[in-house]
Amino acid sequence: MLDGVKAVHTSALHLGRRFPNYESGAEKVRMGDIFRAFEQVLDHVVESGAHLLLVAGGLFDRLHPDRETVSFVLNGLGRINRKNPQARIVICPGEEEILVKAGGETECILSIFEHLPYVHVIGCGEKVDSVDVKVEGMEVKVASCRFDRFLEKDFRAKEAPACKKSFGIFLLNCHSRKQPGVELEEGLLRERVFAPMFGRGYRCFALGRPYGFRDLSTDEYAAVFPGSVERFDLGCDRDRKYFVEYRIASADAKPAVGAVQTGVRPVEYVSVTCAPGEKDLGSLVSKAAGAGDREAVLYIVLEGETGFGRFREFLGGEVLSALREKYAIVHLDNRLVLVDEGEEYRFGALHVGSPEDEFRRYMEGEIRQAKPGSPEQALLNELLEMGLKEIGENQ
């Protein structure tokens, strides 16, 4: 191993995440994938002899994870301590792990680590707090605060402790609780975060929030979003997954950065378009599917139009049953328009749209049933307008 300090940086682990749109057996497999990805990070920390594990938010998927998830994490972090008692774990909360109450008080699930001397939780409040560790003869300062502070006009870089003799790492989950819709534009990060904190001596920015890997490093400092270590939405997230390793040679130099790829479950994507009048949906799917892989997910996108009865037969038919024997998971992304072929009634309600579309569809149905020009209809129209505005603001 090279001389100096080695740090491993990850984010968006989302342990305890559920997949309610999957069948029960498939959901258990996907939940297991999340735990397995975390174990890959732990294995690397232990086997590489890393001195620091940095988690930039998103360790847990929600504020109150179940006992199994908490026990799994405590055992995993304890394994690092047993193998290397000098190693330290530094965590800042993500959006799901901290609740800011109306009075300003905070509730954070990461408080479960308070009794562990080798785990440090920072960045829960508006003030910049930090932890100092000494490894391999080098002093390392890890600091953090809530991302909101960098968006406020009265924030001053001097609120962060300066790194005079130590190597500075700023651990930051880039989510604003006061401005949740703020765009993580690169220029904003460089102006509001990187430049002022670099002036305070920080040479590494261990970031968290987006699920994709992004390296914003310059010749002077390292700044990396490792992304998530597992795919959470197979329909839109097809990227490779990583965590990051830093090698720190001196207190005043940029660390070397390396991305370590995780072994996510393979996915085979199949798109099937059913033309109106097509009688054998199972045959179309069977021809499009591959040879099978017991470790893989078969993700089938169904588009076009078919009869409601025929679709129901497909769901209980031999083709889908055989595919489930060939793959670890078979998941249907159903975008079909289902038609009652006897009455030509379209089961549009079986298509679930966006919150805005579903709210609009419901309210317009209520408006049609109200007496035209009545006060009730006027009130419903007003509620529709107000509701659409509120949904738009919360997206």
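Me: What makes β16 and strand β18 (residues 337-340) count as paired, and in which sense do they run?

Reply: Happy to walk through this predicted model with you. Two strands pair if there are at least two bridges between them. β16 and β18 are joined by three bridges, in the parallel sense, so they count as paired. Within that pairing, Gly-307 stands opposite Val-339 in β18.

Me: Which sense describes the pairing of strand β15 (residues 267-274) with strand β16 (residues 293-307), and over how many bridges?

Reply: Parallel again, over eight bridges. As an example, Thr-273 has Glu-303 in β16 as its bridge partner. Between the two strands the chain passes through helix α4 (residues 281-288), and this β-α-β crossover is right-handed.

Me: How many bridges link β16 with strand β17 (residues 327-334)?

Reply: Seven, in the parallel sense. One of the partners is Asn-334 in β17, which bridges to Leu-302.

Me: What makes the link between the side chains of Arg-149 and Glu-159 a polar contact?

Reply: The cut-off is 3.5 Å between N or O atoms, and this contact is 2.9 Å. Arg-149 also touches Glu-126, Asp-154 and Phe-155.

Me: How do you know that the length of helix α7 (residues 355-369) agrees with its number of residues?

Reply: At 1.5 Å a residue, its 15 residues should span 21 Å; the end C-alpha atoms are 22 Å apart, so the two agree. Buried residues in α7 include Met-363, Gly-365 and Ile-367.

Note on methods:
Residues numbered from 1 in each chain as written. Predicted model: local features only at pLDDT ≥ 70, side-chain atom pairs only at ≥ 80, totals over all residues. Heavy atoms only, no water. Polar contact = N/O pair within 3.5 Å; in protein donor to acceptor, adjacent residues only side chain to side chain. Contact = heavy atoms within 4.5 Å. Helix = DSSP H or I, 4+ residues; strand = E, 2+ residues; numbered from the N terminus. Expected span 1.5 Å × (residues − 1). Buried < 20%, exposed > 50% of the residue type's maximum accessible area, 1.4 Å probe, protein only. Right-handed = clockwise from strand over helix to strand, strands pointing away. Lists of a residue's contacts leave out its neighbours within four places in sequence.
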